[in-house]
Structure formats: structure tokens, C-alpha cells
Amino acid sequence: MRPRIAFIVRGSRLLTDVSRACFERCLRRISLRSIMFVSAVTQFGLATAARGGEKPSAVSAIISADHPVNRCVPTQVLGAGIDGHEKGECARMFTDRNIAEMLSAGLGPLTYRLRTELGGEVWHWNPRGTWSDPAHQCGYWTSDDSLGDPINLSYGYRLPRRGNTIDQANDDGYSRIADGDKESFWKSNPYLDSHFTGESEDAHPQWVVIDLGARKPINAVRIHWGTPYATRYRIEYWPGDDPMHLHADDDDDWQPFARGDVSHSHGGELIQLDPHPRSVRFVRIVMSRSSQTSVQPSNDVRDRVGFAIREIDIGKTDKKGHFHDHIRHAPDRHRQTIIYVSSTDPWHRGEDIDFSIEQPGLDFILRSALTNNLPVLVPVGVLYDTPENAAAEINYLLRRNYSLEGIELGEEPDGQWVSPEDYAALYAGVARRLCTLNPHLKLGGPSLQSFEDRLLTWTDASGNRSWMNRFLKYVRGAGVRFDFFSFEFYPFDNICANAAPQLLEIPKRLGSMLASLRADGVPSDIPWLMTEYGYSVFSGRHEVDIEGALFNADTVATFLTSGGAESYLYGYEPNYLQDELKCSWGNLMMLQLNPKNDQVNRLSAYYAAQLITKEWMQSTNETHDMFPVVVKQQKPTSSPAITVYAVRRPDKQWALLAINKHPKRAVQLDVQFNFAGAPQPVGFVGEVEVIQFSRQQYVWHDDGPNGHPLRSLPPARFTREASSSYELPPYSLTVLCGKLAE
């Protein structure tokens with residue numbers, strides 16, 4: 001997933017009106033059977049109560065029914081992801097009973113997500129394996145690819161040469177550059193050295209960025225180098241706001257200090273950067289030449305390539321020559337000055353195992369019913385792992401004869417501040433090894449983190465700021481395979497805000513993201529995979545209330561209508577509520593674990609999945625055609641509250657997925673199908689099946705960590721004669737299914 005690091009913005013919540021509150025108090029006093037009866041019999045009356053008697057607005061959905069914009073097989077394109085979790089949770093989540101509940105949502109293919117890659121850890125995907133230094137149980141690890149006992153659980157190992165203060169998983173590590181310990185050190189990834197890439201010595205300069213937290217007077221630096229050290233480096237500052245989170249209107253670039261170019265320094269001495277202190281917040285050290293030495297004699301080239309830094313002091317010298325250090329040195333993520341690095345050495349020790357996070361075992365998942373007997377999209381570690389370990393993993397899976405949809409190389413390199421060229425070089429090194437195992441493997445990535453506008457990075461020599469464009473350029477030049485493109489979509493960091501205006505933005509945000517990637521050169525002739533999607537990377541009420549169902553349906557339908565190949569829901573496993581931003585309790589999940597028993601609650605995301613996989617589309621291995629829809633409102637807006645998506649199913653029926661994202665107002669939807677050459681639009685004829693999911697079926701009780709659904713019912717289903725219009729209740733998903741006039 002995306003990083004769970006962001007500012008907190010507190011916002012208002014949607015309030016239920018008086019009539020709904022009264023109605024819900026009555027419902028709590030009657031039985032589930034009575035609730036189902038009331039829901040089926042009085043659905044239109046309830047819609048009227050929910051909108052407070054407002055007259056429904058009129059909206060037209062005009063379907064261009066001649067040429068499909070996409071063709072898909074639902075059982076192959078509507079999938080879900082399995083991730084790593086906290087200690088002990090896998091056993092609680094993946095019981096036979098829970099797996100049956102998960103499968104009943106109707107989702108098909110599976111992707112295995114790699115949380116260790118986000119946590120800056122190396123993955124021992126098999127507990128059995130070998131160290132490069134077996135005598136000391138340390139070095140570079142390669143898991144055993146021979147067939148032994150099935151792997152039911154696996155772990156990541158923390159990296160003692162870690163450089164980043166922040167990570168994208170539990171965020172409980174820290175940088176060794178600012179930990180106050182001159183015996184510990186950061187070291188860059190040796191696989192970016194020319195020895196492995198085959199490029200020039202300075203093709204992949206490594207860097208360290210120091211965020212002082214605020215602008216401070218800077219004119220001096222002291223670098224305590226480790227081994228190998230940099231024989232050539234430069235020190236720069238950023239004149240703007242934030243170089244780590246760029247926007248399209250940012251035109252700043254790194255600027256040199258007057259005396260920032262350094263050669264032949266062994267470290268430890270104070271370097272005067274400028275005659276006078278300069279007020280800056282961000283400082284960057286760029287290392288281009290390595291000493292290529294090691295502390296002790298070693299036959300392993302990985303020990304002597306790259307760069308190592310023990311500590312950095314940055315500050316100013318006063319008129320008396322006294323140095324004042326602005327770096328906060330502490331072995332604690334929250335107390336040390338924030339450090340970002342270009343890469344990290346995957347060297348580690350047996351004692352570095354992280355038992356707090358567990359990955360479900362590859363054999364456990366790939367042998368389970370969760371695969372639906374379909375090929376699985378599996379990951380290999382790239383940023384914090386070795387090509388040898390990645391190749392061993394895939395060789396193991398091939399020996400087990402598991403069916404693989406593809407191999408996703410790494411996860412969210414852009415969100416971990418890796419330059420496109422560095423990630424591409426690591427990608428190429430792993431890809432070459434995997435292709436020797438089986439030339440028919442599908443390789444791809446990068447599982448881009450969700451972004452707005454454009455995915456940007458610092459300019460290269462030609463002025464190119466596009467992360468994806470530069471990655472693709474490198475991969476093409478390296479001559480390695482790139483068979484599919486993957487990305488993630490979590491658009492709303494502010495989970496505390498009102499959901500209603502956010503829901504209106506979904507198609508536009510996702511559409512802009514896809515258009516930006518096309519403009520940056522992502523090929524349209526390879527599959528595009530949305531390997532994770534969810535309302536937010538942070539936990540909040542919107543994800544477990546009905547807004548979560550609206551979000552998921554709108555996102556999947558927008559993606560497929562835009563030509564997407566496969567989508568994977570994040571939050572497949574049953575889980576617990578969390579309150580990460582201290583404003584509301586929720587989580588990305590479709591099933592809720594009960595701490596007191598083995599029962600699970602079906603949440604709105606569960607019913608949305610069923611509606612898409614079993615009602616809008618048919619749960620078959622046959623092709624569905626998707627057609628473009630234009631929604632016209634009486635009062636046009638830039639972000640319509642109504643979105644409609646059309647498919648022609650193998651049973652020759654047309655099915656429309658209509659989403660009303662207005663929290664209080666019902667809508668009368670007029671449906672028209674346009675065919676070229678036809679004298680006039682046509683509509684449904686005969687009987688139309690209507691399947692609806694709204695607050696009539698689902699009500700969330702917000703009670704902090706004890707929150708749960710007050711009402712959790714399947715979508716209402718009824719048949720009616722074809723009409724000129726169909727009512728969409730407030731905050732609802734509706735499927736209309738029927739035939740057209742011949």
C-alpha cells in the first residue's frame with residue numbers, strides 16, 4: 001500500500017437526518033426476518049424518507065451501443081489482493097470459514113502483495129536458505145528453492161544499514177545516518193554499482209537528503225564516512241518547499257553551495273560550504289565515485305562497492321569558529337532528523353528478523369481455494385533484496401507447478417523516493433535472471449503509488465521530470481522485458497473529510513491519472529493492472545460505511561471502461577477497525593473480524609463486490625463488451641453525482657451499473673441506447689431486473705473500536721416492466737438488466 005505518513009486534516013462527517021435516525025431506532029427492535037420483509041416491500045417508501053420528500057432530479061444516461069471500448073472476462077479481471085499482516089493475524093484471518101466467506105464475494109484472480117518491500121526489509125520467503133557469510137549468520141540471503149515442507153508463514157528482516165527514517169509499512173524503523181551511533185552506518189545498494197549494471201562508474205550516483213524540518217542557517221557540514229566512502233561528491237540545497245513530494249507547478253531544482261564540490265575527502269573534517277550561512281531546509285549529498293574498499297578483506301564484491309555513511313552533522317560556524325549542529329541524532333524515527341536515501345544495502349543478520357509482521361506463506365496461499373484455480377500475480381523483492389533471492393523464489397514456484405499470471409518486480413519504488421533509473425537498473429538485473437528460468441514468464445511493475453496530476457521526479461540532464469517516462473526509456477535501452485504495467489489507486493489522504501464531495505471526484509481523478517501515464521509513454525498495447533485500489537491508505541469510517549461500496553464500484557467500472565485489464569481489491573482479508581488519523585474508525589476490508597467470536601460481519605465493500613461480479617457482470621468465463629456512457633443532467637456540473645457504466649453480457653442482455661453519489665437526493669434515470677443509423681434511441685423492453693444496494697440494506701453504527709453494521713442485507717431485487725425512467729435512491733448502487741427492442 002501507499003505510505004501511511006501524512007498530515008492530519010480534521011473534517012466534518014455526514015449526519016443522518018431525523019427521519020432516518022427514528023427509523024433506525026425502530027429497526028433495532030425487530031428481527032432480521034422483519035428487516036428483510038420491510039426492505040423488500042417498502043423500498044420506494046424508504047427512499048422517499050431518506051431524501052426528506054425532495055423531488056427526484058432527472059438524469060439521462062446515453063449509451064453509445066455500436067463499438068465497445070473494452071472487452072473483458074469477469075472471472076479473469078475482477079480480483080483481490082492478499083498482504084502481510086501483524087503478528088498472529090494470518091492464522092485468525094485465513095480460517096476455512098473465512099476463506100469461504102471471502103470467496104463468496106465472487107472475486108476471481110489473486111495478487112500476492114509484499115509488505116516487507118514497503119517496510120524496507122529483505123524477505124526470507126522461505127525460512128530455509130543460505131547466508132553469504134554462513135559462519136557468522138549474516139550477509140546476503142538466498143532462500144532455498146528446493147522442494148521441502150510447504151511454506152505456511154514467512155518474515156522480513158530489518159536492514160541494519162538502513163538509510164530512510166520513514167518507511168511505508170509500520171514505520172517503526174530509523175535511519176542509521178542520524179541515530180547517534182558512529183559504529184552503525186548506512187550503505188547504498190551494491191547492485192547499482194557498475195560491476196553489476198555494466199554501465200559507467202558514475203551512471204547511478206547515490207544521494208542522501210536531509211530534512212531539517214524548517215529553514216535554518218547552514219554553511220558547514222561534517223560527514224563521518226564508513227567504508228566504502230565517496231572520493232567525489234557534491235553538496236546542494238533545495239530553494240523551494242519540498243523536493244520529496246513534487247507537484248506539476250514546482251519549477252525548483254537543486255542548487256550548489258559555493259564550495260559544495262568535494263574530492264579526495266576521507267571524512268570527519270568540517271567542510272565550509274559557503275562564506276555566509278544560507279537559510280535552507282533540505283540538503284542533498286550526491287556521491288558519484290566510490291573508494292571501492294572494505295573494512296576487512298572480502299571475496300564478496302558487494303562488500304566493497306557503493307557508499308557508506310556513519311553520521312552527518314549539518315549546521316553553521318559562528319564568528320568564533322564554533323560549529324552548531326542542526327541534526328537531531330537519535331535511534332528513533334520520531335526524534336531523529338528525517339533522512340531520505342537513494343537506496344539501501346540488503347545486507348543483514350539472523351538476529352534482524354522482524355516477528356511483528358508476517359507474510360502468509362507462498363505455499364499456503366497458492367495451494368488454497370483463494371486462487372480459484374486461476375494464475376496468481378506474485379511479487380519479488382527488488383529494492384531491498386537481491387536478484388539471487390528473487391530468482392530462487394520464482395524457480396521454487398515453477399518447481400511446484402504453480403500457475404503464475406505474472407511477476408511484479410518490487411512495490412511502490414516511486415513512493416520510496418527511488419530514482420527511475422536506479423529502480424530500472426535493479427529491475428533489469430532481476431528480469432535478466434528470471435528470463436533464464438522461463439522465457440515465457442510475464443514480467444512487469446512498478447506498482448506505482450497513487451498520485452495526482454503527474455508522477456514527477458527531479459530533472460535529469462535533459463530536463464525530463466517524468467518518473468515513468470525515464471523508467472521506460474532505461475528499460476528499453478537495457479533490452480529487458482516489460483510485459484505489463486501496474487499501479488495503485490488510493491485517492492483520498494484526508495479520510496477525516498466529508499465523503500460526499502470526494503466521491504464525486506473518482507472518475508475524474510482516476511481518468512486524469514491514466515491520461516497522465518499515457519502522456520508519459522506507458523504503452524497502450526500491454527495490459528494495465530490496477531493491483532491495489534481503496535478509498536484511502538488511512539483507516540476511516542468511509543471505508544466501512546456505504547461510501548466504501550460506492551467508491552469500489554465506481555473505481556472498478558471507471559478503470560475497465562478506460563481500457564484497464566485487471567483490477568485487484570485491497571482489503572480482501574477479514575480485519576479489525578483502526579483509527580489511524582484519530583478522527584474515525586474504519587479499515588480497508590469487506591469482512592469484519594469479531595474479537596469475541598469467529599463470526600464475521602459483511603461490510604458494504606462485500607456487497608459491492610457481489611453486485612459487480614454476479615449482477616452487473618455474469619460470473620462466467622465468457623467475454624463481456626463494455627460501452628461508453630454519457631450522463632446528462634438538468635444542471636451540468638464538472639463532477640456529476642450520477643455515473644453509469646454499460647456492459648453487454650454473454651446472455652445477450654444489457655446491464656447498466658448506475659451509482660448515485662448524492663447522500664440525500666434520489667434520481668430518476670432515463671436510459672437511451674444509440675445505434676448508428678437508427679432513426680431514434682431505443683430503451684429496454686419487456687421486463688427489467690433491478691438490483692439495488694443503498695442505506696435501505698446497509699447502515700453502519702459508528703461506535704469507535706466497537707463499530708459494526710446495524711443492518712447488513714444483500715441488495716434488494718425486483719422485476720418491473722421497462723419504463724422511460726428508473727429511480728436511484730440516495731447513496732446507492734443499482735444494476736438494471738434487460739433486453740433491447742430488436
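**Cavities and a helix pair**

Colleague: How many cavities of 30 Å³ or more does the structure hold?
Modeller: It's a predicted model, so local features need pLDDT of at least 70 and side-chain atom pairs pLDDT 80 or more, while totals for chains, interfaces and linings use all residues. Residues count from 1 along each chain as its sequence is written, and side-chain values use heavy atoms, without hydrogens or water. With a cavity being a set of points on a 1 Å grid where a 1.4 Å probe fits but cannot get out, the number of 30 Å³ or more is 10.

Colleague: Which strand gives the most to the lining of the second largest cavity?
Modeller: That cavity has about 130 Å³ of space, and 17 residues line it (an atom within 4 Å of a point). Closest to its centre are L192, D193, E201, H204 and F307. By class, the lining has 5 nonpolar, 9 polar and 3 charged residues. The top contributor, with 4 residues, is the stretch 278-290, strand β16.

Colleague: At roughly what angle do the axes of α10 and α11 cross?
Modeller: The helices are α10 (residues 387-399) and α11 (residues 420-437), and their axes come within 9 Å. α10 is roughly parallel to α11, because the angle is under 35 degrees. The crossing is right-handed, at roughly 30°.

Colleague: How many charged residues are in the contact of α10 with α11?
Modeller: Contact (heavy atoms within 4.5 Å) is made by P387, E388, A390, A391, I394, N395 and L398 of α10. From α11 come G429, V430, R433, L434 and L437. These divide into 8 nonpolar and 2 polar residues, with the charged ones numbering 2.

How values were computed
Axes are lines fitted to C-alpha atoms, for helices over the stretch in contact, and angles run from 0 to 180 degrees between N-to-C directions. Helices (H or I, at least four residues) and strands (E, at least two) are DSSP runs, numbered from the N terminus. Angles under 35 degrees count as roughly parallel, over 145 as roughly antiparallel, 65 to 115 as roughly perpendicular and the rest as oblique. A crossing is left-handed if the near helix is turned anticlockwise from the far one by less than a right angle, and right-handed if clockwise. Ala, Val, Leu, Ile, Met, Phe, Trp, Tyr, Cys and Pro count as nonpolar, Asp, Glu, Lys and Arg as charged, and the others, Gly among them, as polar. On a 1 Å grid over the protein atoms alone, a cavity is a set of points where a 1.4 Å probe fits but cannot get out, and a pocket is an open set with protein on both sides within 12 Å along at least five of seven lines; lining residues have an atom within 4 Å of a point. Grid points are joined across faces, edges and corners, and a volume is the space filled by probe spheres set on the points.
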